[in-house]
Amino acid sequence: RAQSISSENLGERIPQPGTHDEIDRMVATLNEMIQRLEQSFAQLEQFTANASHELRTPLTILKGEIEVALQQSRNDGEYRSVLESNLEEVRRISRTVEHLFLLARIDANAITPVREPVFLKPLLEEIAKDAAILAGEHEVRIESALDDIPEAQGDTIMLVQLFINLVENGIKYNRPGGSLRLKLTAHGANAATGYPGIARVEVSDTGIGIPHEELDSIFDRFYRVDKQRARSHGGAGLGLSIAQWIVRMHKGSINVRSREGEGTTFTVDIPIE
Ligand code: ADP
């Protein structure tokens, strides 16, 4: 019976003899294993379905735009505006693919965390500089209040990815004329015990906020608060699940506070060692 169970019929179980002996226990153990496999397969199928969906939507938009543009001849300005719109969809697709690729590597345990000294102040300054273009497009002002703190230990590339995700969200889900504030402080160092403390990064925006009842879900894969709005803002709902994984990898914590219509603050604590 065990030999006949494959990925095709993972819902089946081996009949339990009920004899309370070694065979009985072995059957129970095998059945538990089959159940775990069944769950993993279901998760994998769900992930593939979600990923395909996230890629299909921008591709459909892209195809439609190109088809309409080709229906008749257009002037330079019209071609330009179609290309600009195409580019936006292509950017969306490549962001989603990058996130999916990273998640696949995370799931396959294919990422070996690097531990190197990370100077968070220049790292955040660089991110703020790079985010200026996106901020300009959304008419959002970026403010920074970054203390000179001791170096943390971690993976620079991963930490950059983490803070880019938070900063981009703070800009995307903001309002025109709003602001995004980056704050870096150190806390809890204790010379007597030798505890070096934590580095705290706060990313605050003056945007749309997140409803209280949704706060627990936003770190789930593919989760978006307002499906329509998030769609037009270009997210596949993967950024925060990746952010959370990166924080865990650094043995840190990430928390969110938000008020609808007023804004959101993400707080990331990373141990300094
Ligand atoms: P996305 O790529 O869709 O932005 P994320 O995983 O980064 O995905 O975020 C999940 C959802 O949480 C978003 O779709 C959005 O609804 C909500 N969200 C994230 N950050 C913010 C923020 N700063 N302000 C308001 N809503 C946010």
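Colleague: Hi! What should I know about the numbering and the model first?
Modeller: Residues are numbered from 1 along each chain as its sequence is written. The model is predicted, so local features need pLDDT of at least 70 and side-chain atom pairs count only at pLDDT 80 or more, while totals for chains, interfaces and linings use all residues; side-chain values use heavy atoms, with hydrogens and water left out.

Colleague: Which side chains have an N or O atom 2.8 Å from a ligand oxygen?
Modeller: Asparagine 169 has a side-chain N or O atom 2.8 Å from an oxygen of the ligand, and tyrosine 173 has one at 2.8 Å from a ligand oxygen too. From leucine 240, a backbone N or O atom lies 2.8 Å from an oxygen atom of the ligand.

Colleague: And how much of the ligand's accessible area does the protein cover?
Modeller: On its own the ligand has 530 Å² of accessible area, and the protein covers 98% of that. Areas come from the Shrake-Rupley method with a 1.4 Å probe; for residues, only the protein chains shown count as cover.

Colleague: What comes after α7?
Modeller: Lysine 251 follows α7, and its phi is positive, near 55°.

Colleague: New topic: how many salt bridges does a search of the whole structure find?
Modeller: Twelve. Each one is a side-chain nitrogen of Lys or Arg within 4 Å of a carboxyl oxygen of Asp or Glu.

Colleague: How far apart are the closest N and O atoms of glutamate 84 and arginine 80?
Modeller: They are 3.5 Å apart. The two residues sit four places apart in helix α2, so about one helical turn separates them. Glutamate 84 is partly exposed at 46% relative accessible area, and arginine 80 counts as exposed at 56%.

Colleague: Are glutamate 89 and arginine 92 buried or exposed?
Modeller: Both are buried. Their side chains meet in a salt bridge of 3.9 Å, N to O.

Colleague: What about aspartate 269 and arginine 200?
Modeller: Their salt bridge has its closest N and O atoms 2.8 Å apart. This pair links distant parts of the chain, 69 residues apart: aspartate 269 is in strand β7 and arginine 200 in strand β5 (residues 198-205). Aspartate 269 is buried at 12% relative accessible area, whereas arginine 200 is partly exposed at 25%.

Colleague: Last one: which residues form the nonpolar patch on the surface?
Modeller: Met33, Leu37 and Phe41, with about 240 Å² of accessible area together. Patches take residues with over 30% relative accessible area and no salt bridge, joining like charges within 9 Å and nonpolar side chains (Val, Leu, Ile, Met, Phe, Trp, Tyr) within 5 Å. Phenylalanine 41 is in helix α1 (residues 22-70).

How values were computed. A polar contact is a pair of N or O atoms within 3.5 Å; within protein, one must be able to donate a hydrogen and the other to accept it, and residues adjacent in sequence count only if both atoms are side-chain atoms. Buried means under 20% relative accessible area, exposed over 50%, partly exposed in between (1.4 Å probe, protein chains only).
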